[in-house]
Amino acid sequence: MAARENQGLQIALILFVMITIALAVTTYIYWSKSEQEVAKSDADLLAKQEAEKRYTAYFNAYQLLKRTIAPAQVTEPEYEVFRQQVKNNDPKLWADEVEKIELAFNDDMLLFDQNYNGDKNYRTLPAYLLTAIRDRNTQVVTHLDYVKSADQEKQTISKRESDQRLAAEQGMQLAVSDKDKVKQAFDTDRQKFIDDTAKLQKALADALQQAKKDTDELRKDKATLEAQLAKLQQLVEAQAIKLQGMNPESTETADGKITWVNQASRVAYVNLGLSDGLRRQTTFSVYEKDQTAFNTARPKGSIEITRIIDSHLSEARIVSDSVSNPLMPGDVVFSPTWQPGRVVRFGLVGFIDADGDGKSDRKLVEN
């Protein structure tokens, strides 16, 4: 009887040890899986933060550049905040595009007169230059009238000279009897006539020279302003196209739509796949099928891509939705950080030391 009891204890002990080992293995497996999920969650959070940081940089750059063709909507200190955020969030965007555009814009705004108190941007500058050209044209017309008046005065002086010469000759003929007296008077009048004529001719030549100089300068200013106007109009068009490309509102187009939903298994299917450049773990917000203003509208839920099935078909898990307004086939999906067919690339610049050992870790970062 005692042998049977010992044998039962041994069997119980063996079963207890096996159960303990099984529980230990199961616990380790679940712990390892939880560690992997935590690492995956941290990577997703880092990618989200990077995307939000880049979006903030482009949004602030858009706010800075918008004032080049629109009246200023915020104060200069607020613009300085936008500048610092762009520099901190995306230094390459600042150095390659935003700073160059701002410098060119500041140089072009110097074309405005110092006493001009209106809005200074590329939309008001052409009108200001057109007004300046009209003023210069008015001045040119005024100077041309002055030249015409001077020419008429020259003709009057020539006629007066001819009349005076004729009168002098007649007086000489009538004064032959008193030759010396007449000659002296004639010489005096003639010298006076010569001096007056020289003065008038000099005054006329100076007036004509000044008029020609002013006319040449006005024509030169007119040509310069017209060239600047043409250049600025081209620049306005280029900036308008660039701002259109940087405007967050220009991306408000649905990326795809939900084709089928299984609420029981919390699974949805969308009409996006390999041909659209879709990847697993891409997250979309879900909106009503007739929604278009995605940046301002409130989404009805969200999904995360879990499996790419075909060229234009993928499976996703329902991350969030509402019982009162569930996800339905036909609802559209939208993501501000993903576009169909777009390939996202990253560039590494400069010396990279990830572990602080003084050696380059570029290859490690690339891997």
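Predicted model: local features only at pLDDT ≥ 70, side-chain atom pairs only at ≥ 80, totals over all residues.
Me: What pLDDT does the protein chain average?

Reply: pLDDT is the predictor's confidence in each residue, from 0 to 100. The average over the protein chain is 81, and 87% of the residues score at least 70. Residues 247–251 stay under 50. For that stretch the model has 11 contacts beyond four places in sequence, a contact being heavy atoms within 4.5 Å.

Me: How many helices and strands are there, and in what order do the elements run?

Reply: Helices (H or I, at least four residues) and strands (E, at least two) are DSSP runs, numbered from the N terminus. The protein chain has six helices and six strands. Read from the N terminus, the order is α-α-α-α-α-β-β-β-β-β-β-α. Among contacts between residues at least 6 apart in sequence, 63% join residues at least 24 apart.

Me: What share of the protein chain is buried?

Reply: Buried means under 20% relative accessible area, exposed over 50%, and partly exposed in between (1.4 Å probe, protein chains only). Of the 367 residues in the protein chain, 25% are buried.

Me: Is Gly256 buried or exposed?

Reply: Gly256 has a relative accessible area of 11%, so it is buried. Gly256 belongs to strand S1. Beyond its neighbours within four places in sequence, Gly256 contacts Asn271, Leu272, Val332 and Val333. His312 is 56 residues from Gly256 along the chain, and their C-alpha atoms are separated by 9.7 Å.

Me: Where are Gln209 and Ala205, and how do I read their accessibility?

Reply: Gln209 is in helix H5, and Ala205 is in helix H5 too. Gln209 counts as exposed because its relative accessibility is 57%. Ala205, at 42%, counts as partly exposed. Gln209 and Val147 are 62 residues apart in sequence, with 9.6 Å between their C-alpha atoms. For Ala205 and Lys154 the sequence separation is 51 residues and the C-alpha distance 9.7 Å.

Me: Which residues have a positive phi without being glycine?

Reply: Most residues other than glycine have a negative phi, and most peptide bonds are trans. Arg266, not a glycine, has a positive phi of about 60°. Arg266 sits in the loop between strand S1 (256–262) and strand S2 (267–270), and its 32% relative accessibility makes it partly exposed. Gln281 is another case, with phi near 75°. Gln281 lies in the loop between S2 and strand S3 (283–287), and is partly exposed because its relative accessible area is 33%.

Me: Where does Gln339 lie?

Reply: Gln339 is in the loop between strand S6 (332–334) and helix H6 (362–366). Its relative accessibility is 35%, so it counts as partly exposed. Leu278 is 61 residues from Gln339 in sequence, and the two are 8.8 Å apart in space, C-alpha to C-alpha.

Me: What volume does the second largest pocket have, and which residues are closest to its centre?

Reply: On a 1 Å grid over the protein atoms alone, a pocket is an open set of points where a 1.4 Å probe fits, with protein on both sides within 12 Å along at least five of seven lines; lining residues have an atom within 4 Å of a point. Grid points are joined across faces, edges and corners, and a volume is the space filled by probe spheres set on the points. The second largest pocket has a volume of about 400 Å³. It is lined by 21 residues, of which Gln164, Ala168, Asp189, Arg190 and Phe193 are the closest to its centre.

Me: Which helices supply the lining of the second largest pocket, and what classes does it have?

Reply: Helix H4 (125–174) and helix H5 (179–246) each supply at least two residues. H5 gives the most, with 11 residues. By class, Ala, Val, Leu, Ile, Met, Phe, Trp, Tyr, Cys and Pro count as nonpolar, Asp, Glu, Lys and Arg as charged, and the others, Gly among them, as polar. The lining has 10 nonpolar, three polar and eight charged residues.

Notes: Residues numbered from 1 in each chain as written. Heavy atoms only, no water.
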